[in-house]
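Mentor: Please examine the sequence and the model together.

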Amino acid sequence: MHSFDLLPGAERSPVILHVPHSAREIPAEVRAGIVLDDLALERELDHIVDAHTAELAEDAARWSRVVPWRFVNRLSRLVVDPERFPDEREEMLAVGMGAVYTRTTHREELRPANTDPEPLVARYFRPYARAMTEAVARRLDVTGRAVIIDVHSYPSAPLPYELHGEGPRPPVCLGTDPFHTPPELLAAAREAFGEVGLDSPFSGTYVPLEFYGRDPRVSALMVEIRRDTYMTEPGGPAGPGLHRLAQALAALVDALEPPDA
């Protein structure tokens with residue numbers, strides 16, 4: 001299977017819905033390097049996967065006036081996490097969760113601590129980063145701007161791996177960046193989702209490194225949805241809240257489209 005998909009939207013749309021953590025799939029050769037037994041691995045996936053977020057983005061795209069683009073990771077973040085820095089800049093290295101995880105959500109061993117991350121980074125992380133960079137560059141070439149909406153979810157109660165889990169856990173947490181999240185993008189998200197909080201328990205946004213902190217034409221926002229608002233935790237089925245949230249995400253997309261769309 002492909003490790004990611006770029007699902008086309010309208011050519012005039014600057015919006016990319018980025019869904020990095022929705023999948024559970026782990027290739028057999030990667031599974032061989034994980035020390036958990038099958039039952040423990042399934043439990044870990046229940047906790048770590050942003051379940052149903054690919055469906056959420058799909059529904060939002062279908063209901064938007066102008067169809068946004070979607071970039072969807074088809075492999076579990078236990079293969080690689082495409083949103084981590086691939087080097088010492090990544091603060092989650094402190095809990096064994098850099099680009100290649102060695103610890104679980106409960107800080108137990110996932111892979112041996114001396115695992116060399118480079119083979120997985122080369123095989124999965126860098127191609128993903130290149131493809132996302134190219135997707136953003138194409139939106140800039142065609143529309144003059146790119147808007148990355150990062151679609152995530154998070155548990156209602158903090159997990160042991162969280163570095164900043166002691167703060168508020170609102171129904172929707174908006175992660176921002178001082179360079180890439182302009183006031184009008186934040187205002188549109190507040191209008192679309194209603195009850196939101198900022199940068200707690202998760203903060204920041206995803207922007208490909210080629211543009212990060214350099215190109216103000218690339219704007220970005222992370223949308224973190226608390227899981228109890230739309231699904232049974234951990235790892236259970238979606239409920240009616242998913243429909244409401246997809247409509248809210250579609251409203252945000254509509255607010256970001258060009259005025260003549």
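Trainee: Where does Pro201 lie?
Mentor: The model is a predicted one, in which local features need pLDDT of at least 70, side-chain atom pairs count only at pLDDT 80 or more, and totals for chains, interfaces and linings use all residues. Residues are numbered from 1 along each chain as its sequence is written, and side-chain values use heavy atoms, with hydrogens and water left out. On this numbering, Pro201 is in the loop between strand S6 (196-198) and S7.

Trainee: Is the peptide bond from Ser200 to Pro201 cis or trans?
Mentor: Most peptide bonds are trans, and most residues other than glycine have a negative phi. For the bond that joins Ser200 to Pro201, omega is near 10°. This bond is cis.

Trainee: Is Asp199 buried or partly exposed?
Mentor: Asp199 is also a loop residue, situated between S6 and S7, and although it is not a glycine, it has a positive phi of about 55°. Buried means under 20% relative accessible area, exposed means over 50%, and partly exposed lies in between (1.4 Å probe, protein chains only). Because its relative accessible area is 30%, Asp199 is partly exposed.

Trainee: What is the phi of His52, which is not a glycine?
Mentor: His52 is in the loop between H2 and H3. With 22% relative accessibility, His52 counts as partly exposed. Its phi is positive, at about 70°.

Trainee: At what angle do the axes of helix H3 and helix H6 cross?
Mentor: Two packed helices are described by the angle between their axes and the distance between the axes. Here an axis is a line fitted to C-alpha atoms, for helices over the stretch in contact, and angles run from 0 to 180 degrees between N-to-C directions. The axes of H3 (residues 53-63) and H6 (residues 241-256) come within 8 Å, and they cross at roughly 55°.

Trainee: Which word describes H3 relative to H6?
Mentor: Angles under 35 degrees count as roughly parallel, over 145 as roughly antiparallel, 65 to 115 as roughly perpendicular, and the rest as oblique. The crossing angle of roughly 55° therefore makes H3, relative to H6, oblique.

Trainee: Which residues of H3 make the contact with H6?
Mentor: Contact means heavy atoms within 4.5 Å. On the H6 side, the contact is made by Leu242, His243, Leu245, Ala246, Gln247, Leu249 and Ala250. On the H3 side, the residues are Glu55, Leu56, Ala57, Asp59, Ala60 and Trp63.

Trainee: Which elements do the buried residues of H3 pack against?
Mentor: The buried residues of H3 are Thr53, Leu56, Ala57, Asp59, Ala60 and Ala61. They pack against strand S2 (15-19), strand S3 (69-73), strand S4 (146-154), strand S7 (218-226) and H6.

Trainee: Which residue does Arg74 meet in a salt bridge?
Mentor: A salt bridge is a side-chain nitrogen of Lys or Arg within 4 Å of a carboxyl oxygen of Asp or Glu, and by this rule the count comes to 15. For Arg74, the N to O distance in its salt bridge is 2.7 Å. This pair links distant parts of the chain, 69 residues apart: Arg74 is in the loop between S3 and helix H4 (118-143), and its partner is in strand S1 (residues 4-7). That partner is Asp5.

Trainee: Is Arg139 buried or partly exposed?
Mentor: The side chain of Arg139 meets that of Glu11 in a salt bridge (3.5 Å, N to O). The pair is 128 residues apart, with Arg139 in helix H4 and Glu11 in the loop between S1 and S2. At 37% relative accessibility, Glu11 counts as partly exposed. Because its relative accessibility is 1%, Arg139 counts as buried.

Trainee: How far apart in space are Asn114 and Thr102, C-alpha to C-alpha?
Mentor: Asn114 is in the loop between S3 and H4, and with a relative accessible area of 69% it is exposed. Asn114 and Thr102 are 12 residues apart in sequence, and in space their C-alpha atoms are apart by 8.6 Å.

Conventions:
Helix = DSSP H or I, 4+ residues; strand = E, 2+ residues; numbered from the N terminus.
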